[in-house]
Amino acid sequence: MVRLLVLSALVTAAAAFSSFTPRNLPTHRTCTSSQTTLSMKLFDWKRRTADESALHTAEFTLDNIRPAPGSRQRKSRKGRGIAAGQGASCGFGMRGQKSRAGRPTRPGFEGGQQPLYRRLPKFAGQPTGPGHQKEIYNLIKLDELNSCAEGSVVNFDALFEAGAVTKAKYNIHKVVVGREDFTAKGVTVQAHAFTQAARDAIEGAGGKCQLLSKTTGAVLEA
């Protein structure tokens, strides 16, 4: 009886010891003859020695041209539930100034540090930054003056009353070259600014250019 118990204990110990041998580990298992079904798609990336002559044989037309893959994406819909990916805070975080409604800071503000428009050197005649704005003129084309009589004085108010132009958004006017030829002869044009080509065309046809003040509207030069 004692011998049977000792023999069974030895068999159990040998089986336990054999479970820790390297031959039973997953890395030491023998490979089977079955082949794997894993496949990989290979991409032939652009190389310096690649033959690209076949790429230029196709003719692109409006019916076969397509955008590059990945260049056009769907519009991100925010605030439509957490399943959409941008539902709860819409990507603006939980709290803070930049998560509030409305524009949190003015354009050009960099958190208190010296902004870019103040760090860069300034050039004469080209002001930038807050407090400066570009002068925007209402444009008067030369072909809109073709219906004017010879020897008449023409300005924006006269053209508006004659129906040659429509109402203007800005109060200062600039005469520029139009798409059609300028055929009016001997007219005196009054405006707040002239392009050099428009001035040459008016004076070449026997007319005169009178510059007006941008504040009072008075004639500055004849």
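This text walks through the structure from its overall layout to single residues.

The model is predicted: local features need pLDDT of at least 70, side-chain atom pairs count only at pLDDT 80 or more, and totals for chains, interfaces and linings use all residues. Residues are numbered from 1 along each chain as its sequence is written, and side-chain values use heavy atoms, with hydrogens and water left out.

Start with the fold elements. The protein chain has four helices and seven strands. Both kinds are DSSP runs numbered from the N terminus: helices are H or I with at least four residues, strands are E with at least two. Read from the N terminus, the order is α-α-β-β-α-β-β-β-α-β-β.

Next come the totals. The protein chain has 222 residues, and 18% of them count as buried. Buried means under 20% relative accessible area, exposed means over 50%, and partly exposed lies in between (1.4 Å probe, protein chains only). Take the contacts in the protein chain with a separation of 6 or more: residues 24 or more positions apart account for 35% of them. A contact means heavy atoms within 4.5 Å.

Now the core. The largest nonpolar core holds 19 residues. Such a core is a set of buried Ala, Val, Leu, Ile, Met, Phe, Trp, Tyr and Cys residues joined through side-chain atoms within 4.5 Å. Leu-145, Val-175, Phe-182 and Ile-202 have the most contacts inside this core. The elements that give it two or more residues are α3 (156-162), β4 (188-191) and α4. Look at Phe-182 in detail. Setting aside residues up to four places away in sequence, Phe-182 touches Leu-142, Leu-145, Asn-146, Val-187, Ala-201, Ile-202 and Ala-205.

Strand β4 also contains Thr-188. Thr-188 counts as buried because its relative accessibility is 11%. Beyond its neighbours within four places in sequence, Thr-188 contacts Ser-152, Val-153, Val-154, Lys-208 and Gln-210.

The structure holds one aromatic pair. Rings of Phe, Tyr and Trp (its six-membered ring) pair if their centres lie within 6.5 Å; planes under 30 degrees apart count as stacked, over 60 as edge-to-face, and the rest as tilted. The ring centres of Phe-156 and Phe-160 are 6.3 Å apart and their planes meet at 20 degrees, so this pair is stacked. Both residues lie in helix α3, four residues apart, about one turn of the helix. Phe-156 is buried at 10% relative accessible area, whereas Phe-160 is partly exposed at 43%.

Asn-138 sits in strand β1 and is buried, with a relative accessible area of 15%. Its side chain makes a polar contact with the side chain of His-173 at 3.1 Å. A polar contact is a pair of N or O atoms within 3.5 Å; within protein, one must be able to donate a hydrogen and the other to accept it, and residues adjacent in sequence count only if both atoms are side-chain atoms.

Turn to the charged side chains. Side chains of opposite charge can pair when their charged atoms come close. The structure holds three salt bridges. Each is a side-chain nitrogen of Lys or Arg within 4 Å of a carboxyl oxygen of Asp or Glu. Glu-135 pairs with Lys-214, with the closest N and O atoms 2.7 Å apart. This pair links distant parts of the chain, 79 residues apart. Glu-135 lies in the loop between α2 (116-119) and β1 (138-141), and Lys-214 in the loop between β6 (208-212) and β7 (219-221). Glu-135 is partly exposed at 44% relative accessibility, and Lys-214 is partly exposed at 39%.

Arg-119 forms a salt bridge with Glu-110, the closest N and O atoms being 3.1 Å apart. Arg-119 is partly exposed at 45% relative accessibility; Glu-110 is partly exposed at 29%. In the remaining bridge, Glu-203 meets Arg-199 at 3.9 Å, N to O. These two are four residues apart in helix α4 (residues 196-204), so about one helical turn separates them. Glu-203 is partly exposed at 43% relative accessibility.

Finally, visit a loop. Arg-103 lies between α1 (2-18) and α2. Arg-103 is exposed, with 64% relative accessible area. A polar atom of its side chain lies 3.1 Å from the backbone oxygen of Thr-105.
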